[in-house]
Amino acid sequence: EAFAEQIAKAGDQVGGAMGAAGAAAAAAAAAVASGGLQGKAAEAIDFRELKALLPEELSGMNRTKAEGQKSGTMGFTLSTAEARYENKDGGRIKLTITDAGAVAGMAGMALYAWAGMEIDKEDANGYEKTTTIDGNRGYEKYDRSSKSGEVSLLIAGRFIIQLEGDNISMDDLKSALKKVNLDKLEGMKNV
């Protein structure tokens with residue numbers, strides 16, 4: 001169930017900028033959830049290893065919560081570690097690290113559809129775009145009026161790092177991303 005929810009969330013994330021492509025991602029998510037798509041079965045690493053990568057502090061914010069879980073269905077497994085950070089000025093960050101194992105084919109595309117697309121959208125309130133950060137495919141979205149945004153990276157074709165922040169600048173979100181040990185995470189790809 002958690003696996004299908006994460007895929008559906010990825011479809012929603014992409015849906016705002018991508019119209020038909022977002023709908024396709026949602027359709028793929030539904031197909032995976034109902035068993036209609038097959039992918040390569042793979043074991044995701046223990047969520048405790050991902051949880052160990054969650055820093056105690058990000059952008060001057062202390063970690064207030066850390067948790068993890070492993071879930072699976074139809075031969076797919078996901079491990080997820082999540083932490084929440086806050087400061088006294090109302091700034092908040094949620095950091096999620098997900099190991100999608102070797103989810104293949106359409107199921108993988110539904111989970112991180114933005115990684116294979118070009119998005120570049122801007123209006124008076126903010127922007128969203130795909131990008132490359134430290135050689136990894138990424139996605140950024142920021143709303144200037146609410147000072148909220150997100151940045152996501154796909155590492156080694158299987159790990160997804162997502163930071164979501166409120167009352168924070170995009171520069172602070174990107175600075176927080178640099179606190180995650182990407183080299184160590186990439187080194188886990190063959191575990």
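1. Helix H5 (residues 170-177) lies across E1, strand E4 (92-99), E6, E7, E8 and E9, and runs at about 30° to E8. Contact here is heavy atoms within 4.5 Å; axes are lines fitted to C-alpha atoms, for helices over the stretch in contact, with angles from 0 to 180 degrees between N-to-C directions. Helices (H or I, at least four residues) and strands (E, at least two) are DSSP runs, numbered from the N terminus.

2. Bear in mind that this is a predicted model: local features need pLDDT of at least 70, side-chain atom pairs count only at pLDDT 80 or more, and totals for chains, interfaces and linings use all residues. Residues are numbered from 1 along each chain as its sequence is written, and side-chain values use heavy atoms, leaving out hydrogens and water.

3. The sheet is open, with nine strands in the order E1-E2-E3-E4-E9-E8-E7-E6-E5 and antiparallel pairing. Strands E1 (57-58) and E5 (120-122) stand at the edges with a single partner strand each, so one side of each has no neighbour in the sheet. Pairing takes at least two DSSP bridges between two strands.

4. Now for E7 (residues 136-143): six of its eight residues are buried, meaning under 20% relative accessible area with a 1.4 Å probe, protein chains only. Eight bridges join E7 to antiparallel E6 (residues 126-133), with Gly-126 opposite Asp-143. Two residues separate the strands in that hairpin, where Asp-134 has a positive phi near 50°.

5. On to E8 (residues 148-155), which pairs with E7 over six antiparallel bridges; Gly-138 stands opposite Leu-153. This hairpin has four residues between the strands, and Lys-147 takes a positive phi near 50°.

Terms used. Buried < 20%, exposed > 50% of the residue type's maximum accessible area, 1.4 Å probe, protein only.
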